[in-house]
Amino acid sequence: MPAFATEAISSESSIRFDRPARDWESEGLPIGNGALGAVISGGIQQEIIQFNEKSLWTGGPGAKGYDFGWPDKPQTAAVKEVRKIIAKEGSVTPEIAAERLGRKITAYGDYQTFGDLVLDFPQNDSDVIHYLRTLSLDNAQVDVSYVKDGITYTREYLANYPDGVIAIKLSANQPGKVSFNASLKVPDNRTLTTRIENGRIVAAGKLHSNGLQFETQIQFLPQGGKLDAIENQKIKITNADSVVILLNAGTDYAQQYPHYRGLHPHAKLQQQMDVASVKTFTQLQTTHRQDYHALFNRVTLDIGQYQLPKKTIEQPTNALLANYKKGDAIADRALEATYFQFGRYLLIASSRAGSLPANLQGVWNNSITPPWNDDYHVNINLQMNYWLAETTNLPELMTPYFDFVDSLVEPGKVSAKRVAGVSKGWTVFLNTNIWGFTGVIQWPTAFWQPEASAWLAQHHYEHFLFSGDKKFLRDHAYPLMKSAAAFWLEFLIKDPRDGKWIVSPSFSPEHGPFTNGAAMSQQIVFDLLRNAREAAVLLGDKSFQKKLDKKLNNFDEGLRIGSWGQLQEWKEDNDDPNNEHRHISHLFALHPGRQINVSESPELLKAVRTTLNARGDGGTGWSQAWKVNMWARALDGNRAHKVLGEQLQRSTLSNLWDNHPPFQIDGNFGATAGIAEMLVQSHNNELHLLPALPDAWSSGSVTGLRARGGITVDLKWHNRQLSEAIIYVAIDLKGDSKTTSTLQLRTTQPLTKYSLKDMQSGTSLVLTNKGNTGTFIAQGGSTYLLSNSGR
């Protein structure tokens with residue numbers, strides 16, 4: 001680890017409020033362990049701990065009329081009819097397309113709040129001083145403290161992944177001062193039976209919608225004082241010195257098509273709680289922090305925020321947000337750095353192995369009818385949730401995503417046959433739930449995107465590119481990619497105008513008509529077919545490689561420069577230069593695709609910038625986050641930073657959750673990924689250091705970012721110039737440190753200014769320079785120092 005990575009950090013990253021939350025969405029503080037989530041409001045007289053378990057969903061199997069979004073028979077004739085209209089008229093309206101190809105949704109379901117743990121305290125909130133409610137991003141813990149009548153009250157909240165519980169400790173600085181009544185409140189769309197045994201509330205029931213069985217156990221462990229059970233419904237704590245509360249929850253959901261049911265959760269929850277309840281809070285806290293730090297501490301970012309004076313550090317986060325870009329540059333850097341790490345925190349809290357992936361709100365939802373069902377939209381949102389996982393060194397968090405996408409393959413094969421009339425492969429359309437919904441809905445401007453499977457498969461291949469894990473590619477990624485590609489090999493048609501293979505019907509979200517070969521459709525399918533071909537070559541699947549070659553050799557790649565210099569959204573030059581629609585889907589080839597190499601295609605770079613300028617920097621939270629990534633890939637750090645700033649000002653809530661509106665978490669994840677893209681890029685078979693560094697971050701450092709090829713990098717820069725880079729090259733996954741490869745570097749300054757040495761041996765190495773690029777032979781398991789020699 002370089003010297004600049006071990007400099008002391010003077011202040012922790014945190015989100016702070018000086019009062020209890022007045023609104024769950026904008027002021028609540030989230031904790032989570034993947035499957036469980038809770039939002040902490042910090043009320044003084046009444047604390048409402050709203051919590052979730054990610055598999056508690058209505059709808060699906062067991063609910064009346066659920067049909068996975070499939071027609072009873074293959075709608076091959078309907079697809080042909082829409083294609084015929086497009087061939088004749090040039091396009092078809094979304095309304096006609098939805099009438100022919102869409103389906104009325106039935107029993108799709110909603111992600112549910114599990115309920116509220118309500119703590120009623122005897123004291124009111126008058127004469128309370130020194131109130132503070134803080135989410136520590138460094139320790140993944142919420143703390144509430146305040147002083148009343150000379151007594152300091154403290155509450156600690158954390159979501160422990162190894163032990164599978166949410167743990168809470170309430171204490172005071174004087175003995176016998178902790179008293180409260182605790183009760184569980186749940187919505188009335190379910191049955192509920194509650195009992196109390198040895199200070200533990202056990203509440204179980206079934207959802208009315210689908211019969212899904214659920215249970216939660218809440219253990220109360222007071223030190224001193226008295227615990228009473230009231231009518232088998234409430235716990236009363238009187239005059240305790242401190243109280244630890246442990247909470248877990250589960251359902252009988254199983255991620256397995258077609259029934260999605262497994263064992264009742266009671267036995268698992270009981271065993272889990274029995275083990276956790278004999279541990280002290282300090283032990284649970286220590287285990288939690290060890291687990292969390294192993295992930296979170298891999299990446300540090302210094303963009304000048306550590307010069308912040310104590311007075312500013314202690315400001316509530318909503319004040320920092322309100323004062324952003326109003327003259328205090330260091331405070332602005334602090335907010336940006338916190339926002340970056342908050343995205344990483346949220347993914348750790350909402351995506352751990354053994355649970356479902358992060359949904360539209362991660363794991364947090366306080367409603368039984370949340371916006372967009374709080375589901376998984378697969379026309380960008382689910383994919384965006386995971387853009388940061390590889391680059392910001394959290395690859396293990398991809399596991400729930402991989403498991404979930406894998407579970408869509410079998411129902412996706414049925415969708416391929418019945419919705420698209422295709423006999424091979426699998427696909428999914430606009431949105432899905434935890435019940436294997438792979439069919440279509442009937443919303444005209446948002447229902448048809450069969451390219452979704454191709455986009456979902458991109459993350460599988462990217463995981464291989466970052467890790468070099470050939471076993472993962474062979475056993476996991478490639479079979480899924482191959483099946484997704486098989487669908488497209490059959491579903492593509494030849495465009496009678498030029499003989500190219502195209503997608504039809506094709507739609508560019510979420511505006512315009514249905515046409516042939518819209519740019520986004522072509523780019524996404526090209527991305528899949530190219531990735532599948534690369535994988536086929538690596539794995540020696542020559543037969544499938546030949547099939548892919550046959551299509552790719554005459555494939556419309558969806559890249560055209562239009563009459564006003566834009567990258568065309570449609571195959572026809574119909575783009576309106578005054579259109580500021582939030583979707584910029586036709587730039588997929590720039591990001592998250594890798595089809596456009598801006599260093600080698602200046603004309604495409606110019607077209608990309610023209611398109612981005614025309615669309616403007618506004619939009620919803622996720623849209624602005626995507627534009628941060630786009631401008632970073634377009635090598636314009638100042639513009640990426642400007643859009644990031646506008647996202648903070650226009651699309652960010654007081655607790656730093658992304659605001660669509662309403663709250664939608666993809667913008668948080670996308671913005672964090674965008675900041676990483678500003679600092680390191682590796683999609684063009686080279687390691688590009690500080691590709692889009694904004695002027696506002698003139699000096700700083702970052703450690704632990706990952707690049708494709710099994711590389712991790714630490715960077716330090718001064719006056720916008722790279723000072724040092726430490727490049728860690730992973731040992732070959734078979735343990736072979738003799739593996740060598742040619743590594744190409746790119747910087748913003750001529751590489752003649754830099755020297756390179758092997759940090760283990762101290763040997764200086766030859767860096768073959770050509771302008772701002774250079775190559776050297778890298779060996780697996782080695783660490784290299786690139787430093788500015790001042791030449």
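The dialogue below takes up a helix pair and then a loop residue.

Analyst: This is a predicted model, in which local features need pLDDT of at least 70 and side-chain atom pairs count only at pLDDT 80 or more, while totals for chains, interfaces and linings use all residues. Residues are numbered from 1 along each chain as its sequence is written, and side-chain values use heavy atoms, with hydrogens and water left out.

User: At what angle do the axes of helix α11 and helix α12 cross?

Analyst: Two packed helices are described by the angle between their axes and the distance between the axes. Here the axes of α11 (residues 399-407) and α12 (residues 409-418) cross at roughly 40° and come within 5 Å. That makes α11 oblique to α12, a label for angles that are not under 35 degrees (roughly parallel), over 145 (roughly antiparallel) or 65 to 115 (roughly perpendicular). Val405, Asp406 and Ser407 of α11 make the contact with Val409, Glu410 and Pro411 of α12, where contact means heavy atoms within 4.5 Å.

User: Is Asn210 buried or exposed?

Analyst: Buried means under 20% relative accessible area, exposed over 50%, and partly exposed in between, with a 1.4 Å probe and protein chains only. Asn210, in the loop between β12 (200-206) and β13 (213-223), is buried, with a relative accessible area of 6%.

User: Which residues does Asn210 touch?

Analyst: Not counting residues up to four places away in sequence, Asn210 touches Trp57, Thr58, Gly59, Pro61, Gly62, Ala63, Arg261 and Trp435. A polar atom of the Asn210 side chain lies 2.9 Å from the backbone oxygen of Trp57.

Technical notes. Axes are lines fitted to C-alpha atoms, for helices over the stretch in contact, and angles run from 0 to 180 degrees between N-to-C directions. Helices (H or I, at least four residues) and strands (E, at least two) are DSSP runs, numbered from the N terminus. A polar contact is a pair of N or O atoms within 3.5 Å; within protein, one must be able to donate a hydrogen and the other to accept it, and residues adjacent in sequence count only if both atoms are side-chain atoms.
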